[in-house]
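Thanks for making time this morning; I would like to walk through one structure with you. Please have the sequence and the coordinates open while I talk.

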Number of protein chains: 2
Amino acid sequence: MKLTRKRGQTAKLRSAAFRRIRADHQTELAGDYVELIADLIDERGEARGTDVAMRLGVANATVVKTLKRLQDAGLVTQEPYRAIFLTGDGWKLAEDGRRKHKIVEGFLLALGVAAATARIDSEGIEHHVSEETLRAMARFLARNGG
Amino acid sequence: MKLTRKRGQTAKLRSAAFRRIRADHQTELAGDYVELIADLIDERGEARGTDVAMRLGVANATVVKTLKRLQDAGLVTQEPYRAIFLTGDGWKLAEDGRRKHKIVEGFLLALGVAAATARIDSEGIEHHVSEETLRAMARFLARNGG
DNA sequence: GGCAAAGTTTAGCATTGGCTAAACTATATG
DNA sequence: CATATAGTTTAGCCAATGCTAAACTTTGCC
């Protein structure tokens with residue numbers, strides 16, 4: 001070979017980031033669903049498939065299919081034609097998502113980002129921030145009025 | 001119906017965020033690929049499939065398949081068994097990714113996040129920040145030494 | 001020049017997450 | 001209490017992204 005010298009070390013280091021992104025994406029959808037379901041339960045007493053579909057902007061059938069996976073994963077329970085409930089694990093995941101969401105959104109607002117943008121961006125960012133970064137954001141928030 | 005009153009408005013507003021996240025995910029992979037290919041070309045003069053696979057932490061075959069899509073999308077060019085090149089659009093996308101990456105990573109460092117964490121988190125965050133948030137980060141960076 | 005090793009591609013499979021259209025159930029109300 | 005409508009599920013499709021194993025090129029080197 002000609003050009004292939006001394007890789008591997010940096011490669012392995014960098015690939016860690018991408019591996020985590022792929023892992024994050026897998027839990028991201030589940031997180032969005034349970035957080036949304038938790039919100040619906042709190043807001044209106046129950047979560048129905050149609051509401052979830054509407055808020056996520058996907059088709060009903062997609063929600064049904066995804067809920068099946070979430071049920072297999074032990075995050076929600078549901079009987080045919082009835083409302084959706086969260087399991088203990090489901091609530092835990094939802095609460096964690098809300099916690100992160102609140103920090104990130106509040107942080108963006110404190111940074112001077114407009115409310116609408118903060119809401120949209122925080123939704124995307126929340127699943128990719130480590131606890132360390134969250135702590136840094138919370139620290140900033142504490143100092144700069146949150 | 002019993003419980004279904006006054007939704008739709010909030011629903012549509014919220015779904016916008018999720019729609020954007022899904023759209024972001026579609027371009028995210030392409031962005032990661034071209035950014036990585038650009039880095040490899042700059043670092044070592046050429047980008048080979050194996051290097052891309054190694055740094056992304058995926059199998060070789062996955063890279064081949066993805067590159068085919070990127071080629072269809074007009075971002076890269078490649079002949080069988082040869083190195084990978086970026087098209088004009090490919091370079092543009094890569095440069096844009098680098099620009100965002102630099103701002104986000106620098107910002108996290110300025111926030112007080114450790115270097116290793118900043119590197120990993122910025123990789124995940126860079127595809128989900130709007131231009132407005134980037135400007136806010138750049139502003140912060142300008143004031144707090146970057 | 002030919003061979004072994006490194007690199008690359010092909011083939012074939014699985015899962016996720018999206019869709020539409022059609023079938024089915026629950027329920028509000030006339 | 002029958003039925004129309006709203007809500008839900010099923011069936012069947014597609015594209016993207018991952019994998020392994022096997023086949024095929026390239027190339028460094030003897």
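This is a predicted model: local features need pLDDT of at least 70, side-chain atom pairs count only at pLDDT 80 or more; totals for chains, interfaces and linings use all residues.

In total, 24 residues surround DNA strand D, and the closest are A:Arg48, A:Thr50, A:Ala61, B:Ala59 and B:Ala61. As for the elements behind that surface, α2 (49–56) and α3 (60–72) of chain A, together with α1 and α3 (60–72) of chain B, each supply at least two residues, with α3(B) giving the most, namely 5 residues.

DNA strand C is surrounded by 24 residues, of which the closest are A:Ala59, A:Ala61, B:Arg48, B:Thr50 and B:Ala61. Here the elements that give two or more residues are α1 (9–44) and α3 of chain A, along with α2 and α3 of chain B, and the largest share, 5 residues, comes from α3(A). The class division for the surface near DNA strand C is 11 nonpolar, 8 polar and 5 charged residues.

Let me move to the protein–protein contact, which takes 41 residues from chain A and 40 residues from chain B. On the side of chain B that touches chain A, at least two residues each come from α1 (9–44), α2 (49–56), α4, α5 and α6 of chain B, and α1(B) gives the most, with 13 residues. That side divides into 17 nonpolar, 9 polar and 14 charged residues.

Which residues touch the most other members of the largest nonpolar core? In this core of 22 residues, they are A:Val104, A:Phe107 and A:Leu108, together with B:Val104, B:Phe107 and B:Leu108. The elements giving two or more residues to the core are α4 (88–111), α5 (115–125) and α6 (131–143) of chain A, and α4 (88–111), α5 (115–125) and α6 (131–143) of chain B. If we leave aside its neighbours within four places in sequence, A:Leu108 is in contact with A:Val113, A:Ala118, A:Asp121, A:Ser122 and, from chain B, B:Thr133.

Finally, a word on α4(A) itself, whose buried residues include A:Gly90, A:Gly97, A:Lys100, A:Glu105 and A:Leu111, as well as A:Val104, A:Phe107 and A:Leu108. After α4(A) comes A:Gly112, whose phi is positive, near 105°.

Technical notes. Residues are numbered from 1 along each chain as its sequence is written. Chains are lettered from A and ligands numbered from 1 in the order in which they are written. A nonpolar core is a set of buried Ala, Val, Leu, Ile, Met, Phe, Trp, Tyr and Cys residues joined through C-beta atoms within 7 Å. A residue is buried if 20 or more other C-beta atoms lie within 10 Å of its own, exposed if 12 or fewer, and partly exposed in between; C-beta atoms are placed from the backbone. Helices (H or I, at least four residues) and strands (E, at least two) are DSSP runs, numbered from the N terminus. Two residues are in contact if their C-beta atoms, placed from the backbone, lie within 7 Å. Ala, Val, Leu, Ile, Met, Phe, Trp, Tyr, Cys and Pro count as nonpolar, Asp, Glu, Lys and Arg as charged, and the others, Gly among them, as polar. A residue is near a molecule or strand if its C-beta atom, placed from the backbone, lies within 6 Å of it.
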